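Here are some notes on charged side chains and how they pair, written for someone new to reading structures. Please keep the model open beside the text while going through the points.

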Amino acid sequence: MHKLTRAIVAAALGMALAAFIPGSVLAQSKGKIICWKDKSGKVVGCGDKVPPEFEDAATKELDRRGVTRATTETAEERAKRAAQEEAAAKMKEEENKRHAEQRRRDQALLNTYANDREIDQRRDREIQEVDRLIGQFQGLRKGAETRRTTALDNIAAAEKARKKPSEFLMDEVARAEADMAKFDKSIDAKNKEKEDIIARYAETKRRYLELGGTRTQAAAAPAKK
């Protein structure tokens with residue numbers, strides 16, 4: 001039943017094409033017939049050879065019964081398809097590189113640690129170093145704050161004695177406040193670095209265990225904050 005339906009449809013298409021193609025073209029053709037299209041995809045002519053002005057146009061090849069045997073794309077369509085294929089190939093290549101790099105990193109991770117406790121220990125060492133630097137900046141900030149307080153007290157004392165505060169004292173206040181702001185910024189940066197370390201090692205540990213790394217029996221030491 002389906003074969004009969006397809007045959008009827010094919011015959012109808014063939015008759016429609018035959019009606020479209022000039023009788024002289026069908027009569028003169030001893031084999032294939034080539035129809036060429038305009039940019040909108042509409043057939044604008046048929047014959048045994050595509051005219052030079054339509055060499056870049058899309059075509060379709062028909063037999064003497066009007067049945068399509070082959071088709072070609074326009075030059076624009078071919079260029080677009082080639083660009084798409086090139087982009088797809090490049091994307092695939094980049095994906096393969098990412099997978100290869102991920103495999104390399106995974107293997108390096110498994111080779112670096114004997115168990116997940118070693119990950120915690122390295123994390124804690126890095127955090128301790130950051131905490132040490134934070135302590136240094138806090139000490140320096142305290143020193144700057146003391147300098148400002150001393151300068152302000154001296155300015156207040158001069159004003160109480162109805163004397164003009166020296167330019168040195170005024171500059172000292174500005175310098176101390178600038179130093180305090182600088183150390184505050186450094187402390188904030190180090191606290192952010194500590195958060196990043198904790199997050200990075202948490203992800204490292206998760207991936208290590210996901211890859212089948214050895215989990216220690218004892219509870220892992222909590223991250224220091």
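**Notes on the salt bridges**

1. R148 is partly exposed, with a relative accessibility of 24%, where partly exposed lies between buried (under 20% relative accessible area) and exposed (over 50%), taken with a 1.4 Å probe on protein chains only. This is a predicted model, in which local features need pLDDT of at least 70 and side-chain atom pairs count only at pLDDT 80 or more, while totals for chains, interfaces and linings use all residues. Residues are numbered from 1 along each chain as its sequence is written, and side-chain values use heavy atoms, with hydrogens and water left out.

2. R148 forms a salt bridge with E177, and their closest N and O atoms are 3.8 Å apart; the term means a side-chain nitrogen of Lys or Arg within 4 Å of a carboxyl oxygen of Asp or Glu. This pair links distant parts of the chain, since R148 belongs to helix α4 and E177 to helix α5, 29 residues apart. Helices here are DSSP runs (H or I, at least four residues) and strands are runs of E (at least two), numbered from the N terminus. E177 is also partly exposed, at 38% relative accessibility.

3. Salt bridges that share partners join D106, E203, R206, R207 and E210 into one network.

4. K97 and E93 meet through their side chains in a salt bridge, at 3.8 Å from N to O. The two residues are four apart in helix α3 (residues 75-112), and therefore about one helical turn separates them.

5. In the whole structure, a search finds 23 salt bridges.
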